[in-house]
Every structure is written in C-alpha cells, then in structure tokens.
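Try each task before you read its solution.

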Amino acid sequence: MSLQMVTVGNNIALIQPGFSLMNFDGQVFFFGQKGWPKRSCPTGVFHFDVKHNHLKLKPAIFSKDSCYLPPLRYPATCTLKGSLASEKYEYIIHGGKTPNNELSDKMYVMSIVYKNNKRVTFRCTEKDLVGDVPEARYGHSIDVVYSRGKSMGVLFGGRSYMPSTQRTTEKWNSVADCFPHVFLVDFEFGCATSHVLPELQDGLSFHVSIAKNDTVYILGGHSLASNIRPANLYRIRVDLPLGSPAVNCTVLPGGVSVSSAILTQTNSDEFVIVGGYQLENQKRMVCNIVSLEDNKIKICEMETPDWTPDIKHSKIWFGNNMGNGTVFLGIPGDNKQAVSEAFYFYMLKCSEDDMNEDQKTFTNSQTSTEDPGDSTPFEDSEEFCFSAEANSFDGDDEFDTYNEDDEEDESVTGYWITCCPTCGVDINTWVPFYSTELNKPAMIYCSHGDGHWVHAQCMDLAERTLIHLSEGSNKYYCNEHVAVARALQTPKRVLPLKKPPMKPVCKKGSGKVLTPAKKSFLRRLFD
C-alpha cells in the first residue's frame, strides 16, 4: 500500500464530505459538490483528472435528452451490467442529500453515450419506481445481484427525516434510522418490493456492502437508536425464479465494528476496507482485506499504510473509491496556519502499481462516506454554507465551458430556492437583509403539509419575530398557508360585554324642582 499527497489545482472547495466518484473504463468522474451547480458547469459532474499527483476538475457534459441530476451527497451508488458477461455498464444512484438539506427518493441511471480522447458525454435518466417505493434517505447502500440469468437491485439501511407531523422549525433536521427492510428493485420495470427479515432487527447506516453473484454481505454500520457500531456481518441471498423472488438472511461471525468506511476492489475476489470510525470522532486506522471464495467470506487485518502525522491527528476524514484499488482521502486543513486550505487530499493505492489502467472497476459493491451527523463536529446548519469556486475552472482542451459573464454570477453565494410565487431572493444578487445573516439568507420552516422552506425576507418577518421563531418550537405558516392554519386554530375565548346600569329617573341632589302638578300625580300614584 502506498500513500501519496494530492494537490488540487482548481475548485478545491467543491470537494466536501459526502461526494461520490464514478469510474468508467479507468476515467474517474466526481459529483455531489457542496452547493448547487453554477452556469460554468450546470451538470455538476466533473472529470477527476489526476496526473503526477495533481488533480484538476474539468466540467463534464450531458446529452440533450438527459434529466437534471442534483448534487446529491451521501447517496447509494452501484454499477449495473446487462449480464455478468457484459462489459458495458451504467451507474445507479439513489437517494442522498441536496444542498437545501432535503432528502431525495429518486433513482437515476448514468451512462456514457459518447467518448473520445478529450470528451465524455453522459446521459442521465430518472427511473420511476412503483410498488413499495423506498422512502427518501441517505447513508444507505444499493447493490446488484444476479440469479438465474436475471438481475435485481438490493437496497438496505440509511437515515431519513422524522415524519412531517413531528417536524418543527426547531427540529426540522432530526433524523432517525430507516426500518431494517430489504428492498428489491427491478431496474427493467421499476418495480420495488419490501421484505422483512427477522435477522435484521435494527436500522443501520453508513455500513459497507459487498455483492457477488446472488449474495450481498452487510458489514458494520452505525445505529442511531442505540448509538453503537456493532460488529455485524449479514449475508443476504436472493433467488430469482420465475415467480416471486426469495430472500433470506444469515448472521455470520467475524464482523467488523466500523462506520463510514471506504471499500475498494483489488481483484475479482478481493476487497480492501479503508478508513471509517470505530467510535464517535475516533478514526479506525486499521485496514482489512476481504476475500470472497466459494460463497464464503473471510475478513483479516492487513498491514496499514504509513499514515502521515496530519492524518493520524485529524479528528475526521472522508473519501471515496476511485476504482482499480485506489482510494481518495481528505482531511481538514490546519487552521493555525496563516494560509490554509479547507481540506488536504491523499491517494491510497491498495493494489499493485503495475495494474492495467484499463481494468474495469468492480460492479457490485457500495462505498459509504463519512457522515457529519454521526462522526464529525460539523453542525447540520453548515450544510447551508456554499463555498463553490466555480469561476476558477482550468480552461484547457475541450472541457472549458467558462464564460467571463459568470464571474459576477459566482462572486456572491446564496440560497437557491423559490419559496413563493413572489420570491425576491436571487442567488446572483442576494445581500444580507437581517443583522443575523452571515453567509446565507434567513429561512423559516412552514409546517403546512409535508413542510417547506420560505425566506424570512419574502414573508416580511421582523428580525425580532425571526429570532423568536428560530429559538422556539412553535409551528410557523407562510403567507400562502396562514389561512389554512387559522382555520385549524381553536377560536379565542371572548369575554362577555359589560352592560352599564340604567340611569334612575331622578337623583337626590340633582337640582331639579318638581311642579305642584307633578307632586300631586306622584302622591296619588304611591298612596
């Protein structure tokens, strides 16, 4: 194993925890940047060009018939072949977080439609699912199994937001383990079925999954309910006869206690587990080699690389699999220095250096990246901080799509969302409105229906009201839904009106004098 430091020539701020890498025939592509793509690279997908330990991010292009792929972080990814003997494959992407901190339940298929020495054109299509559709989630795994000449996707684990009825402005980002159900997804027809297995009792996220033929192995993971990283090792076997599929699970000994680890394949039957955490904020420095032979799995510790002092002393690390037995790692920069990068990056090669560069990446394994909610001191609110440097693309070859008109467009960051029909917040012209705003517009969570975010400025909220709603757990309804909220409110109690007493006909000492006729009338009336 060899460890080498990598310098990043441009757009280093795009690489944040939770990104994903795709390896197509030895070419690596990056997606899942922190923040929305800009006009300089509207697709948000970049060629991960590493030469002589120097990395350049070059914008990639999509075909005209492609759908939009948001910059998802912590999704589940895997590769799909038409058959075990097929050499062409495509990437399956499911779930993940958007820059608005919303969770996706969509499934995308990424494939190459055109390729030459300088340019790769992708096609991205959205796959509609029916049946037992998995809820929106992140930190889960998806793999492909092959049985009786057919293929099927196996989706498991992850985290999701609490139900909308339990979400308030104060606890809008509270997450919970997804139910430990196993979902089978037919990629051809889009049918999804849910299976409950008695061996799987707790929800897990940020685990490691390895698939071979008709079997998926689940290793490690983190459980929010118990806040532990159990040394799990499950074997899920899927049989695909002509009728309904059969799924069974077996608990195996010899698991590993780790979450957020990275998996890379070194040969057809051998994998390496790198990184991850064994306790909260305590990295797992040991690497494991996983061997799959004759439907058996064997996990052994291997010689660790010569970690640098920066890696040893950092509290967090993250990364992803580049394919061909190589792992891309990142650690936070040293804030003590006058000029410091946000992150430093390394490449760890777990396989022999003489490996053929055109060797295909493995097809059935899932890697998960470090989760700030479970093992880093980062707060979820930091998900709103955009720091993309999209105006610094290195314009060479045919990848350069930079337009000087974008320079002003990239100089100001904002919150790219339309909260109402009259939304006045523009990502290109936004400036702080409230004194409490630092690097993002203030937003309030509207509790109507499934809930949505609105800009406080668009709702004409006073700063005092904004602070009050942010500190409390009261439900808030935006201008469009406040009428619905009022209809649900209990009418306020109305106090009865006080009636003034009637004035007497005559008061003593009023100064009025009775005439003799009135005196005679009153005397006859009371006698």
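**Exercise 1. Find what share of the protein's residues counts as buried, and describe the overall make-up.**

Step 1. Of the 527 residues, 50% are buried, where buried means under 20% relative accessible area, exposed over 50% and partly exposed in between, using a 1.4 Å probe and protein chains only.

Step 2. Before going on, note that this is a predicted model, in which local features need pLDDT of at least 70 and side-chain atom pairs count only at pLDDT 80 or more, while totals for chains, interfaces and linings use all residues. Residues are numbered from 1 along each chain as its sequence is written, and side-chain values use heavy atoms, leaving out hydrogens and water.

Step 3. Take the contacts (heavy atoms within 4.5 Å) between residues at least 6 apart in sequence: 60% of them join residues at least 24 apart.

**Exercise 2. Locate the UniProt "binding site" positions and examine two of them.**

Step 1. The unreviewed UniProt entry puts this feature at Cys 419, Cys 423, His 455 and Cys 458. UniProt positions follow the numbering used here, feature names are shortened, and annotations may be inferred rather than shown by experiment.

Step 2. These positions span 40 residues of sequence, yet they cluster in space, with a largest C-alpha distance of 8.1 Å.

Step 3. His 455 lies in strand β33 (residues 452-455) and is buried because its relative accessibility is 0%.

Step 4. Cys 458 sits in the loop between β33 and α4 (463-471). Its relative accessibility is 15%, so Cys 458 counts as buried too.

Step 5. Leaving aside residues up to four places away in sequence, Cys 458 touches Cys 419, Cys 420, Cys 423, Gly 424, Val 425 and Asn 479.

**Exercise 3. Work out the strand order of the open sheet that contains β22 and β27.**

Step 1. The order is β22-β23-β26-β27, with antiparallel pairing; two strands pair if DSSP finds at least two bridges between them.

Step 2. At the edges are β22 (262-267) and β27 (296-302), each pairing on one side only.

Step 3. Inspect β23 (residues 270-274) and β26 (residues 287-293): four bridges join them in the antiparallel sense. Ile 273 is opposite Asn 288 in β26.

Methods
Helices (H or I, at least four residues) and strands (E, at least two) are DSSP runs, numbered from the N terminus.
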